[in-house]
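Please consult the sequence and the structure shown below while reading.

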Amino acid sequence: HLVAIYDPSTVKLMTCPKFNTANRTGKQKVIDMMKRYGAIVGINGGGFEDPDGYGSDIPLGYVIKDGKIIWSTSNKAQNLIGFTEDNKLLLVNATGEEAINMGIRDALQFGPFLIVNGESIKYKSNVGGYERAARTSIAQRRDGIVLFLVTEGTHTMGPNMQEVAEALQQYGAYNAANLDGGTSAQLVINDKVINNPKNIFGQSVNNGQGRAVVTAWGLIPNAE
């Protein structure tokens with residue numbers, strides 16, 4: 001499932017209402033996150049602590065929103081996926097402070113990077129513990145168009161990283177990165193979940209509504 005967003009200034013980071021609550025109630029499905037932000041298209045974003053398979057509202061690594069670090073678990077350089085103030089997808093290994101100095105407005109920590117400045121990264125081994133799975137990725141073409149890609153799959157079926165990179169290259173991706181996949185993979189358009197999120201047993205998640213997550217990317221129309 002591929003969505004092309006022609007105005008990159010409308011691609012913004014969304015987050016769940018709260019991080020690190022005592023009873024994990026801060027996490028939220030992408031479809032519900034979008035309603036809070038007024039988004040019309042959305043995909044899930046970065047990872048989160050998941051000690052028992054039920055998820056949590058604790059993001060893994062940096063979360064940067066509107067040029068400010070709103071969550072971090074380390075002050076070391078990490079793989080950051082984000083958009084700059086001039087709406088360019090920036091893939092960089094840096095600390096949150098360094099990324100903000102580079103002009104980052106919204107970013108999250110995840111990976112791996114798939115395409116960097118037109119060069120596809122070659123993966124010969126599995127990523128995230130699974131060779132094949134449902135995948136979510138974000139990319140941008142040289143003309144600024146942003147691509148959201150979400151695939152179907154389970155932890156034994158679906159594309160591998162190399163296939164995702166190749167698919168994005170076919171649509172002109174100049175920079176691209178992997179986002180959280182597997183059970184978390186979600187694409188929502190106009191309040192409808194387009195893909196079929198499944199758990200490790202191949203069962204639909206939350207009646208097809210997808211798993212609660214901590215971050216997402218959304219197409220949020222600019223105010224007139």
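Which residues line the second largest pocket? In this predicted model, the lining is made up of Lys 27, Gly 53, Tyr 54, Thr 183, Asn 199, Ser 204, Val 205, Asn 206, Arg 211 and Ala 212. The points below describe this pocket, then the aromatic pairs and a contact between a charge and a ring.

**Second largest pocket**
- The volume of the second largest pocket is about 160 Å³.
- Its lining comprises five polar, three nonpolar and two charged residues.

**Aromatic pairs**
- Two aromatic pairs are present in the structure.
- Phe 19 and Trp 71 make an edge-to-face pair, with 5.7 Å centre to centre and 65° between the planes.
- Phe 19 is in the loop between β2 (11–15) and α1 (30–37), whereas Trp 71 belongs to strand β5 (residues 68–71), so this pair ties together parts that are 52 residues apart in sequence.
- Phe 19 counts as buried because its relative accessibility is 18%, under the 20% cut-off; Trp 71 is likewise buried, at 18%.
- Phe 83 and Trp 217 also form an edge-to-face pair, at 5.5 Å centre to centre and with 75° between the planes.
- Phe 83 is part of strand β6 (residues 78–84) and Trp 217 is part of strand β16 (residues 215–219); the pair therefore ties together parts that are 134 residues apart in sequence.
- Phe 83 is buried, with a relative accessibility of 0%, and Trp 217 is buried with a relative accessible area of 0%.

**Charge over a ring**
- Arg 142 places its charged end over the ring of Tyr 174, 4.4 Å from the ring centre.

How values were computed. Residues are numbered from 1 along each chain as its sequence is written. This is a predicted model: local features need pLDDT of at least 70, side-chain atom pairs count only at pLDDT 80 or more; totals for chains, interfaces and linings use all residues. Side-chain values use heavy atoms; hydrogens and water are left out. On a 1 Å grid over the protein atoms alone, a cavity is a set of points where a 1.4 Å probe fits but cannot get out, and a pocket is an open set with protein on both sides within 12 Å along at least five of seven lines; lining residues have an atom within 4 Å of a point. Grid points are joined across faces, edges and corners, and a volume is the space filled by probe spheres set on the points. Ala, Val, Leu, Ile, Met, Phe, Trp, Tyr, Cys and Pro count as nonpolar, Asp, Glu, Lys and Arg as charged, and the others, Gly among them, as polar. Rings of Phe, Tyr and Trp (its six-membered ring) pair if their centres lie within 6.5 Å; planes under 30 degrees apart count as stacked, over 60 as edge-to-face and the rest as tilted. Helices (H or I, at least four residues) and strands (E, at least two) are DSSP runs, numbered from the N terminus. Buried means under 20% relative accessible area, exposed over 50%, partly exposed in between (1.4 Å probe, protein chains only). A charge sits over a ring if NZ of Lys or CZ of Arg is within 6 Å of the ring centre and within 35 degrees of the ring normal.
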